[in-house]
Amino acid sequence: GSILRKPIPPPRLAAMSEIVVIVTGPNGNPAGDLTVSLRGDESLPWVQAIQDGFIGVYRRAIDLGDGQTSVVQVRLQQGTVQKVLRFPIKLAAG
């Protein structure tokens, strides 16, 4: 007989967290015409978030570092205009 084996899940990456960004425009309408990029701090490269349909939702897993606090940076780009928003966060222990 053959032995059935469960697939081994990939190892969990330390400090990777999925970030979800919801963007609305005038009158609260979803903003689906942006390029949204994320990073954990100034030393890390920007990574482009994945647009989830045209409902103003963008998501991506990013490295938040291994400290107790971090800053999620969100860069919104529309054409040649860009804005960077910073959100300080406290990371949960263990």
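The structure holds 4 salt bridges, a salt bridge being a side-chain nitrogen of Lys or Arg within 4 Å of a carboxyl oxygen of Asp or Glu. Before I go through some of them, a word on the source. This is a predicted model, in which local features need pLDDT of at least 70 and side-chain atom pairs count only at pLDDT 80 or more, while totals for chains, interfaces and linings use all residues. Residues are numbered from 1 along each chain as its sequence is written, and side-chain values use heavy atoms, with hydrogens and water left out.

Back to the charges. Arg 59 forms a salt bridge with Glu 18, with 3.3 Å between the closest N and O atoms. This pair links distant parts of the chain, 41 residues apart: Arg 59 sits in strand S5, residues 57-63, and Glu 18 in strand S1, residues 16-22. Strands here are DSSP E runs of at least two residues, helices are H or I runs of at least four, and both are numbered from the N terminus.

Arg 59 also has a salt bridge with Asp 52, where the closest N and O atoms are again given as 3.3 Å apart. Through shared partners, Glu 18, Asp 52 and Arg 59 are joined into one network. As for cover, Arg 59 is partly exposed at a relative accessible area of 30%, and Asp 52 is partly exposed at 33%. The cut-offs are under 20% relative accessible area for buried, over 50% for exposed, and partly exposed in between, with a 1.4 Å probe and protein chains only.

Another salt bridge joins the side chains of Arg 39 and Glu 42, at 3.2 Å from N to O. Arg 39 is buried, with a relative accessible area of 12%, whereas Glu 42 is exposed, at 51%.

Now the chain overall. It has 0 helices and 7 strands. Of its 94 residues, 23% are buried. The accessible surface comes to about 7200 Å², and carbon and sulfur atoms hold 57% of that; these areas come from the Shrake-Rupley method with a 1.4 Å probe, and for residues only the protein chains shown count as cover. Among contacts with a separation of 6 or more, 50% are between residues 24 or more positions apart, where contact means heavy atoms within 4.5 Å.

Next, the sheet. Four strands form an open sheet with antiparallel pairing, in the order S3-S2-S6-S7. Two strands pair if DSSP finds at least two bridges between them. S3 and strand S7, residues 81-90, stand at the edges with a single partner strand each, so one side of each has no neighbour in the sheet.

Strand S2, residues 35-39, is mostly covered, with 4 of its 5 residues buried. It is joined to S6 by 5 bridges, and Val 36 has Leu 76 as its bridge partner there. On S3, residues 47-48, the count is 2 bridges to S2. Leu 38 stands opposite Val 47, and Ser 37 is the bridge partner of Gln 48.

Two residues of S6 are worth a look. What does the side chain of Ser 70 reach? The backbone oxygen of Leu 64, at 3.1 Å. Ser 70 lies in S6 and is buried, with a relative accessible area of 9%. Beyond its neighbours within four places in sequence, Ser 70 is in contact with Gly 40, Leu 64, Phe 87, Pro 88, Ile 89 and Leu 91.

The other is Arg 75, in S6, residues 69-78. The Arg 75 side chain does make a polar contact with the side chain of Gln 77, at 3.5 Å. A polar contact is a pair of N or O atoms within 3.5 Å; within protein, one must be able to donate a hydrogen and the other to accept it, and residues adjacent in sequence count only if both atoms are side-chain atoms. Leaving aside neighbours within four places in sequence, the contacts of Arg 75 are Thr 35, Val 36, Ser 37, Trp 46, Gln 82, Lys 83 and Val 84.
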